[in-house]
Amino acid sequence: MEQRNHGVSRRHLLRQAAGAAAGAGWSFYVITRSRTARAGEASAFRVGALGPLTDFTGRDILRAAQMAAEEINQAGGVLGRPVEVVPADEGDPEQTVRAFQQLVTRDRVHAVVGGFRSGVILAVLPHVARARIPFIITGAASPDITKDVRRNYRSFKYIFRAWVNSNRQAVNLAGVVKEILNGQAGFTRFAIDAENLKWARDYVDILKPLLLQSGFDVVYETFHDPAITDFSPIFEAASRARAQVLLEIISNQAGYTIVKQWKAQRPRFALAGNNNPSYLVSSFWRDTEGACEYELSAYVKAPLSSKSLDFWARFEARHKESPFYTGTGAYDAVYLLKLAAERAGSFGADELVEALEQSDYEGVIGRIRFDEDHEATIPLPYGQWIKGNKVAVWPERFSLGRYQVPPWL
Amino acid sequence: MQALGTAAAVIVYGLGVSGIYALMAVGVALIYGVGRVINFAHGAFYTLGAYLTYLMATRLALPWPVAAAAAVLVVGLLGAAYDRYVLAPIREKEITVWILTFATAFLVREGLVLLLGARPYSIPSFVPGSTRLLGQSIANQRLLIVVASAVALGLLWVLLYRTRTGKALRAVAQTRYGAHLVGIPVERAHAAVMGISAGLAALAGVLISPIAVVTPDMGFEPLLLSFTVVIFGGIGSLRGSLVAALLMGYISTLVSFLVSPQYVTFSALATVFLVLLVRPTGLFGAAVEGA
């Protein structure tokens, strides 16, 4: 009885195991077949556009990616397929990871472009590595984002950046100081005011030694609370230290406040640096009522390539405002993916990565080639606000005017 | 000369910062004193003052100072209506009232984002230009903040301590039931206090906007600061709030000018912390005054 029971049980178990194996095999076959079928049937090359869609930082990622997709589709698509842009909202890290996973599992995108907040994008990166989907970042500037590309290439080779990381932004500003503020205006005494956030501290850690190496004096240095509403004490201290230029490193709304108070108080120093609100080329003048006049800051409509001014003009004509930097990068990123797919003759992630690494593309943000860290080697031009326009003054090869010393100095 | 200039700047900026703190804090203290309500919507009135100024000047083409005065008045009336029609029916449910004011703060913020977007708006200085004081250039708007906040607080003092209305409001603060028994219209007193507080908060928002920017989130930090000032001064004490605002304004300004702006919040809060360790009821908290 016992033996019989054992025998029945064994047969039963064997049958169940065989059934389970067959079921699993069938499921695997069905899933892979349906995936293959879906991929085969899929008529589109799908690109996720990830960014905070409720404000201009993400909205311009989507707008510019869609512009690129429309143009590519009008010209015949990619490998015979149209490009389809799938929007995904970037919120807090948890929401964004979910949005990214939906892009991968539900929307089955072939690649993703965009990404604005460094802290959020850092949280997404392990999921990019797991999903093995190329992700071209066009906004987030933390150097940490690409630090694993070389260190753990197999997992993180999918991450690229078509923008300038904050370390390189600091090197850029040092170049502006040397060539424009000293070279053209003769300034030698600099004060630094940065918001008290990690990226800005890292920025100053690179900028300050470069200024000192160039023989300039850094006469005052401070970090302010990002919620600051009053720059008077900083202006006063910089004036007391006889600074000729205050170098600002600001990413938030304090960027409006600083120029308004600079204009109201007319301290005896020029204002220059990295002021993110000043990246809003079509509205910063209006929103500060011209208080930004004579400010020299990063990001400007400049002829970085033969395509740059044409793209800006078309974007402005269509959307009645200039593109934020996240958008210019996203526009190029979609084209980079198109060219990579054509070079590879495939939409496969590994093939796309390999082809992206070979990129040498003249985009609207300049000539884009990726280095070993998958960072695009592009310039971040500087412009000065004069009579309602932000005039490109640096690098010299792209400049459309010369730097003007504020007349009250 | 440089030191004198710095001293002049510290005095003027300190008075300005204190003035803004005081305009916000006395409103919080008044509402708590009269209605025992912790009004989390107080920052929303500050924000609305700035937005209405902008809208009335740009959409109705009113001159900026007229738009500013009209905005303060409208927000004051809104505050009174808010108390009369929203808070009054649930006044006895204290926690519900607090939560409702909290919800109101977010409702206003989200409403502004939906209607006008998250972008910042700019208001020009009501008195453009700057004045040189002992070699120091001080924006005229800062001088206006000092004068306007002093005038507004002075008028409030006259209202509370030199008029029958003020006497009635202070009576309600002392005892609602007693005030009701002697014929004071208690509900009207509540609405009046909310209106006055909302108007003062709006005035603070209007005065600060020309030197900063107008955004949907601009009211949150002043709200927290005003709570801190009220606790520092002693909850329920109007005099305590004024003294605390002055102290906190000058601590912030001195640290800002003489040490570094990055230590401002820390030093102000550390002072409050130390004072509360020694006097847990705040500077003037022991004797609860009639607000």
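**Reading strands and a chain contact**

Guide: Please keep in mind that this is a predicted model. We may begin with one pair of residues, for the bridge partner of A:V245 is A:A270, which lies in strand 9 of chain A.

Visitor: In what sense do strand 8 and strand 9 of chain A pair, and over how many bridges?

Guide: Strand 8 of chain A, residues 245-250, pairs with strand 9 of chain A in the parallel sense, and the pairing extends over six bridges. Between these two strands the chain passes through helix 10 of chain A, residues 254-265, and this β-α-β crossover is right-handed.

Visitor: Which residue stands opposite A:G273 in strand 10 of chain A?

Guide: That residue is A:S297. Strand 10 of chain A, residues 296-298, pairs with strand 9 of chain A in the parallel sense, here over two bridges.

Visitor: Why can strand 9 of chain A be called largely enclosed by the rest of the structure?

Guide: A residue counts as buried if 20 or more other C-beta atoms lie within 10 Å of its own. Six of the six residues of strand 9 of chain A, residues 270-275, are buried, so this strand is largely enclosed by the rest of the structure.

Visitor: How many residues of chain B are in contact with chain A?

Guide: In chain B there are 26 such residues, and they are in contact with 26 residues of chain A. Helix 1 of chain B gives the largest share of the side that touches chain A, namely four residues. By kind, the residues on that side of chain B are 13 nonpolar, 12 polar and one charged.

Terms used: Residues are numbered from 1 along each chain as its sequence is written. Chains are lettered from A and ligands numbered from 1 in the order in which they are written. This is a predicted model: local features need pLDDT of at least 70, side-chain atom pairs count only at pLDDT 80 or more; totals for chains, interfaces and linings use all residues. A residue is buried if 20 or more other C-beta atoms lie within 10 Å of its own, exposed if 12 or fewer, and partly exposed in between; C-beta atoms are placed from the backbone. Two strands pair if DSSP finds at least two bridges between them. A crossover is right-handed if, with the strands pointing away from the viewer, the path from the first strand over the helix to the second runs clockwise. Two residues are in contact if their C-beta atoms, placed from the backbone, lie within 7 Å. Ala, Val, Leu, Ile, Met, Phe, Trp, Tyr, Cys and Pro count as nonpolar, Asp, Glu, Lys and Arg as charged, and the others, Gly among them, as polar.
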